[in-house]
Amino acid sequence: MSTTSDLSFEPTQPLDCNIDGEEHYPVLPISSLPIIDISAFTSPSTPQARQETAAAINRACIDYGFFYLTGHGIPTTTLDTIISQARQFFLESPLSEKIQIKRRDAGGPHGGDGARGYQGMGENITLGRRDVQEAVDLYREWDHEAKTVGKGGPGTHQVLQGPNLWPLHPKELKPTYESYISQVKHVGEALVRAMGQALELGPPLPNATASTEDSEVFVRNTDHSFWVMRMIGYPKLAKPLTQTSTSESDITEFSCGEHTDYGCVTLLLTDPTPGALQVLLKDSKTWLAADPIPGAFVVNIGDMIERWTNGLWKSTRHRVIHRGEGYRVSVPFFYEPNFNAMVRPLGKCVERTGGERIHQGNTYGEHLMGKVFNNFYKEEGEEEEEEEEEEEHVYILPEQGV
Ligand SMILES: O=C(O)CCC(=O)C(=O)O
Ligand SMILES: [Fe+2]
């Protein structure tokens, strides 16, 4: 994804460049992402306070596509529990227990749906390379009435239509996570409401439908968010962290390869490990270490917001290289559009970006199915397909009944 912002930044220390004719891309160790307090949208507030927050979001989305989010109302103790229970699962469960909730092919005899469940070390592939991570993927449950029998007959599932496969250990994990999911969805809603206001799409219109382009357009198209939550465990990579800037060609292993998130907004929670998550700045060559701030989410916008805004706000590339101490844990919550939401550039954003649409539009469900197949079923070495080619896939999409 190309980035053409006019962002300029002052490096905090000398950058290591072009030694022995080799290009060295710097990694800035001090995070300078903006910090946005969302409380004006999560609690009673004044129009002026909301306007100031919306303006700060607009700036952050143009300049970085990433920011820290505070004032969301979820207690830090809850966030800490989410991380510590994920750590317990990864480090204390025997492999046999992890395998019990393994992601299995849709339609197969094990009742898998091709998406939910545990992925072993190296199974997640980004840009054709195996990520050094293990993970559990949880999704919004498919609406019961809209389920259809999988191609293997009764007891088998279509893609994405199976039940979530919850870790068995620790046993409090499932109720804790369910309660957290209901809280974090409210934060996602507040955030997309603020984003609609930030784009100055106009006040909410009476009798609005999903396609009405007012400031609530994102709220309506995420009101049955087909959310995804990942628990990710990262063992540290072999090479120790000895330098603040790194030659790109030295990096042969990734905890999570360079990517943009494919949905709407990501609310990322991580343990305190520094230096692991790196965000590509708008100069397209400087990586910024987005170190965690206690109690704050790291938020980034995904490809669906880029498409809705016709590229006014771009989804930003990021990656994880964990060479620090210990086993790193993160739990991103992807607040996504409704499965059936039609995602096409908004008229006002098309006008503001020169009048040409970057995409003709399709539903989030179609987009997601393309991503599920690309990422989960690609063999090492295969090139990741570009967004433009996504339309060439033919998927038979069951309707989500919502
Ligand atoms: O673990 C992290 O810090 C980020 C993970 C991530 O970018 C993703 O899962 O999309
Ligand atoms: Fe990501």
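This text leads through a predicted model, from its nonpolar core to a helix pair and then to the surroundings of a ligand.

In soluble globular proteins, nonpolar side chains tend to be buried together. In this model, the largest nonpolar core holds 94 residues. The members that touch the most other members are Phe-67, Leu-191, Ala-194, Val-265, Leu-267 and Val-299. Helix H5 provides the largest share of this core, with 11 residues. Val-299 illustrates how separate parts of the chain meet: leaving aside neighbours within four places in sequence, Val-299 is in contact with Phe-66, Phe-67, Leu-69, Leu-191, Val-265, Thr-266 and Leu-267.

Helix H5, which spans residues 173-198, also meets helix H2, residues 47-63. Their axes come within 8 Å and cross at roughly 85 degrees. On the H2 side, the contact involves Arg-50, Thr-53, Ala-54, Ala-55, Ile-57 and Asn-58, while H5 contributes Ala-194, Met-195, Gln-197 and Ala-198. By class, this contact has 6 nonpolar, 3 polar and 1 charged residues.

The residues around it are Arg-230, Ile-232, Cys-256, Asp-261, Leu-268, Thr-270, Leu-277, His-318, Val-320, Ser-330 and Pro-332. By class, this shell has 6 nonpolar, 3 polar and 2 charged residues. At least two residues of the shell come from each of strand S8 (228-234), strand S11 (265-270), strand S15 (318-320) and strand S16 (328-335).

Terms used. Residues numbered from 1 in each chain as written. Chains lettered and ligands numbered in written order. Predicted model: local features only at pLDDT ≥ 70, side-chain atom pairs only at ≥ 80, totals over all residues. Near = placed C-beta within 6 Å. Helix = DSSP H or I, 4+ residues; strand = E, 2+ residues; numbered from the N terminus. Nonpolar A, V, L, I, M, F, W, Y, C, P; charged D, E, K, R; others polar. Axes fitted to C-alpha atoms, helices over the stretch in contact; angles between N-to-C directions. Contact = placed C-beta atoms within 7 Å. Core = buried A, V, L, I, M, F, W, Y, C linked by C-beta atoms within 7 Å. Buried ≥ 20, exposed ≤ 12 C-beta atoms within 10 Å, placed from the backbone.
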